Amino acid sequence: MLFAIEEINNSTELLPGITLGYKVYDTCGSIARSVKVALNLASGSDTESVMSDTESVISKDACSKPAQVQAIMGETSSSPSSAIATVIGPFSIPLISHFSTCACLSDKTKYPSFLRTIPSDYFQSRALAQLVKHFGWTWVGAIRTNDDYGNNGMATFTETAQQLGICLEYSVPFFRTDPPDKIQKIIDLIKASTSKVIVAFLSHMDMDVLIKELSNHNISGYQWVGSESWIFDSQIAAVDQTHILDGAIGLSIPKAHVSGLQEFMLDVTPLNSSNNDLFKEFWGAMFSCEFKRLSSATEIQGECTGREDVAGVKNSFTDMSLMPIFNNIYKGVYAVSHALHMILRCNKTCNTDVQLQPLEILKYIKKIRFKTKEGDEVYFNEHGDPAAKYEIINWQPRKTGIVDFVKVGLYDASLPADKQLNLQDESLIWGKNSLQVPVSVCSDKCPPGTRKVLQKGKPVCCYDCIRCPEGEISNSTDSITCVKCPEESWPNEGRDACLEKDSVFLSYEEIMGALLTAASLFGTCLTAIVAFIFFRHRKTPLVRANNSELSFLLLFSLILCFLCSLTFIGRPSEWTCKLRHTAFAITFVLCISCVLGKTIVVLMAFKARLPGGNMMKWFGPIQQRLSVLGLTLIQVIICVLWLTISPPFPFKNFQELRDKIILECALGSDLGFWAGLGYIGLLAILCFISAFLARKLPDNFNEAKFITFSMLIFCAVWLTFIPAYVSSPGKFSVAVEIFAILASSFGLLICIFFPKCYVILLKPEKNTKKYMMGKGSSK
């Protein structure tokens, strides 16, 4: 304040030619003394008499004669400010506080002349509740100062917390003068609690006492959330020797800088203020010394000389950690000065003939809007409060044990609700240097398939999770009701949110799914190797015999058969359900068509060798290609009709298992599925009959006998598939279908192509046209 007054008195722009005077009183935090001083200042009585039992005053001649002051700066605490504002209200003398934050003081019907340069706790309490909610802490304890500051602040916090779904396990008042038995009850309550987060809406003086008591009882392992009164106080950090508050988070007045203030404060010496007891007491406390004429209650280590170096002392006074509070005082003094500047109609000079009235000064203070030399805008709203902005501070200990107050976010009440809280979560450090956010809940979230049932006699945050009855489901996490299970198709946006218990489907992660996937990929690779062998030996008689084009097309279709089995594995979706059955149906028809073509070629070749035989011209390469294309096209038409009329779709089966959902693909049209499967079976039977008829035809390498055996395996697999598929539940029916696809594919690959690979690789002497025609040595 002295710095601001000196600046203004030396200014040629603000109140030119006017010298401001002042008196400073130390009320020692006493409400009674605060009221006495305020009343005497308002009435113009002799303040020296009422302050005879307190500290002396700093005075200026300019303000020693007036019978009435124009404004009062103070108090620091809310309760004294409330008392002063009540008694000076009728006098309309402006009272501007730099640190009284109680939301109650915004009531202009009770405190019409009160203003402040620090935001109201109404915003701080709401911000603390949003901060707690942000980290998912729904079960917290609370300790508050037992005065206007703590009680009103905690009341707003509790109200906001309830709106946000936060429950308080306990909320206890505390004051620094409480007896030991009351403090012990608070400690026992904390020890017995299950919440791990404590919201401390305490003044710095109360926090100082409380933290010492907690250290003595080894209370640790709690996450502290603090108000602006102590969260940025280096003295509190120094008292916390056991690091109980490490990782604490809370709100602080935004950092500020007033140029020249630090130099001004460090230049203070009692020798320049002789005969002033307040300065001497400050000096004695700073250096733990005593002037000869001053009786100090502090621990004395020597006699004060007045030449001690302030810059060499490290405390909250010299490190400027209290600069935000100093800045608030600075703003308050300038607010009064700007109001006087307007009233006195100052330009190059001021009109000193104007009779100053407190009510008029109050009126102009409410209207002022200016910027300080640092660019900070100063104004008061209709409640006498400034704009509410807070920095979010995190206590981060260094390796040396010193605590850093790190800014990790910002709260701005002027922004929209969803943008008021801005946090940098990655910068946070919690207790014991942990990067993991602490957990503090009464009950864990209830998973889908269960509903919440409140525990008797406890807050709404404490509940049990009860499984939904059979045939019912819960539609979200932490659901309070269960609804009847849907029977219609899935997914549907309205039903997709309807979740129940554990979902079951054949996945790649489980053993069965992994084994089937491995078998599918192994079959694909094996087929590709056979195709490579055939391509390398494509000009040999064995490969060229019986239409090599059909052989390569058959190998390609077998690769597709192996790969299509992968579409049956994984969580069913709309596209996989449509793809899995149609891909299987078309690729298998292509495969059987190729085998059928090769069988007919064997029969036609034998007929052509008979006397007068001329059959091969009716079933040459072109006819073979057309037959494969025509037979496959029929299956394509069946699948297109199936997908158009009633395609397969993902489906949730709630009926098969009591405690689980089976995710599967419904066929859509049973007729479409069985028509496609029946067509495959018809071609397989025709192929088997043709191969059976040609199995004894003369040739040293008659392919028909191998085709016969492969078709025998194919038919046996799919005949056993039908009853196994119908009787298998859930994901096992899918596994049965995949097994049938893989078994029949391996049967075709091994029976038709492995004998040829054996000859190509191990018996090359038999891979000749002479041997193939049966003119060599017989097998």
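Me: How many disulfides turn up in a search of the whole structure?
Reply: Eight. The model is predicted, so read each one as a computed result.

Me: Start with Cys 102. Which residue does a disulfide join it to?
Reply: Cys 104. The S to S distance is 2.3 Å. That passes, because the cut-off for a disulfide is within 2.5 Å.

Me: And the torsion for Cys 102 and Cys 104, left-handed or right-handed?
Reply: Right-handed, with 135° about the S-S bond.

Me: Are Cys 102 and Cys 104 buried or exposed?
Reply: Buried, both of them.

Me: Next, Cys 289. What is the S to S distance in its disulfide?
Reply: 1.8 Å, to Cys 304.

Me: Why is the disulfide of Cys 289 and Cys 304 called right-handed?
Reply: Because the torsion about its S-S bond is about 100°.

Me: Where do Cys 289 and Cys 304 lie?
Reply: Cys 289 is in the loop between helix H11 (277-287) and helix H12 (323-343). Cys 304 is in the loop between H11 and H12 too. So the pair ties together parts that are 15 residues apart in sequence.

Me: Cys 289 and Cys 304: buried or exposed?
Reply: Both are buried.

Me: Moving on. What does Cys 442 bond to?
Reply: A disulfide joins Cys 442 to Cys 462, S to S 1.9 Å. The link is right-handed, with 110° about the S-S bond.

Me: What parts does the pair of Cys 442 and Cys 462 tie together?
Reply: Two loops. Cys 442 lies between strand S15 (421-423) and strand S16 (450-454). Cys 462 lies between S16 and strand S17 (463-467). So the pair links parts that are 20 residues apart in sequence.

Me: Why does Cys 442 count as partly exposed?
Reply: Because its relative accessibility is 24%. Buried would need under 20%.

Me: Is Cys 594 buried or exposed?
Reply: Buried. Its relative accessible area is 0%.

Me: Last one. What relative accessible area does Cys 757 have?
Reply: 8%, so Cys 757 is buried.

Definitions and conventions:
Residues numbered from 1 in each chain as written. Predicted model: local features only at pLDDT ≥ 70, side-chain atom pairs only at ≥ 80, totals over all residues. Heavy atoms only, no water. Buried < 20%, exposed > 50% of the residue type's maximum accessible area, 1.4 Å probe, protein only. Helix = DSSP H or I, 4+ residues; strand = E, 2+ residues; numbered from the N terminus.
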